[in-house]
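User: I've got a structure open and would like to talk it through. Can you take me through some questions about the fold, a helix and the way the copies sit?

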2 protein chains.
Amino acid sequence: MAPQPVIRSKQAEKTINGNQTQVVCTEFSNYIFIVLTQYGKIGTLVSITPDTRSGDISVPMYTSKVLLGKDEPLTHVYAKNVATFVSQESGNRPILLGLSLKDNSAETMKTVKDMIKSCQVW
Amino acid sequence: MAPQPVIRSKQAEKTINGNQTQVVCTEFSNYIFIVLTQYGKIGTLVSITPDTRSGDISVPMYTSKVLLGKDEPLTHVYAKNVATFVSQESGNRPILLGLSLKDNSAETMKTVKDMIKSCQVW
């Protein structure tokens with residue numbers, strides 16, 4: 001029998017500019033599921049998928065799609081910015097990202113990325 | 001300051017009819033996120049939302065929507081069957097359900113529901 005698969009999940013919490021921020025990362029075989037929240041919500045749910053072409057060794061482009069919640073241009077920019085490095089580190093796996101932040105500043109984004117790194121499940 | 005929110009998550013594993021089965025339940029304030037998998041995948045992602053009308057004390061109807069994966073009639077039936085009791089127990093909260101089962105038999109469904117009950121986060 002194959003070794004028993006376990007679904008790995010890690011969490012981090014931090015206060016950023018006065019906002020309590022939670023990060024949850026869970027590894028599934030086809031997606032890495034990441035929730036970034038300052039409201040305790042899943043929030044806007046976005047899939048970020050690399051457009052891989054066989055034989056192409058360059059950095060892939062990413063397609064983002066809002067599955068739940070408001071579909072705003074900034075959401076796509078933010079989602080790709082946050083998810084790209086995880087996808088690249090995990091062998092170009094697709095990311096499923098839940099986003100509900102009060103504060104979308106560059107400082108918050110940087111801290112949130114560090115929190116994601118501390119929750120590495122890939 | 002309000003008490004620090006924590007995102008609660010529970011997992012269960014069991015072999016059903018020879019298939020290793022994982023259940024992950026995570027509580028967000030706006031959704032209960034449940035993954036049922038025999039492949040380690042998120043699989044088909046379905047939102048199940050109660051159609052609540054104010055002043056209506058009867059059991060609500062549910063609307064299911066496939067967000068990711070194949071949109072098949074049986075998926076909606078299965079998703080509603082699995083998610084309805086969780087939603088009802090949690091004060092009619094919407095459910096976000098990831099489904100990737102090899103075996104959709106009634107016996108598996110019953111066992112899976114018991115596994116969900118053992119992962120109660122609501």
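Predicted model: local features only at pLDDT ≥ 70, side-chain atom pairs only at ≥ 80, totals over all residues.

Analyst: Residues are numbered from 1 along each chain as its sequence is written, chains are lettered from A and ligands numbered from 1 in the order in which they are written, and side-chain values use heavy atoms, leaving out hydrogens and water.

User: In what order do the elements of chain A run from the N terminus on?

Analyst: Chain A has 2 helices and 6 strands. These are DSSP runs numbered from the N terminus, with helices being H or I of at least four residues and strands E of at least two. From the N terminus on, the order is β-β-β-β-β-α-β-α.

User: What radius of gyration does chain A have?

Analyst: The C-alpha trace of chain A spans about 45 × 35 × 25 Å along its principal axes. The radius is taken over C-alpha atoms, and the globule rule is 2.2 Å times the number of residues to the power 0.38. For 122 residues a compact globule would come out near 14 Å, and chain A agrees, with 14 Å.

User: Which side-chain positions of H2(B) are buried?

Analyst: H2 of chain B covers residues 106-118. Buried means under 20% relative accessible area, exposed over 50% and partly exposed in between (1.4 Å probe, protein chains only). The buried ones are B:Thr108, B:Met109, B:Thr111, B:Val112, B:Met115 and B:Ile116.

User: What covers the buried residues of H2(B)?

Analyst: Contact here means heavy atoms within 4.5 Å. The cover includes, from chain B, strand E1 (9-16), strand E2 (19-27), strand E3 (32-37) and helix H1 (73-89).

User: And the two copies: as by what kind of axis are they related?

Analyst: Superposing by least squares on the C-alpha atoms of residues with pLDDT of at least 70 in both, chain A can be laid on chain B with an RMSD of 0.0 Å by a turn of 180 degrees and a shift of 0.0 Å along the axis. The copies are therefore related as by a two-fold rotation axis.

Note on methods. Expected span 1.5 Å × (residues − 1).
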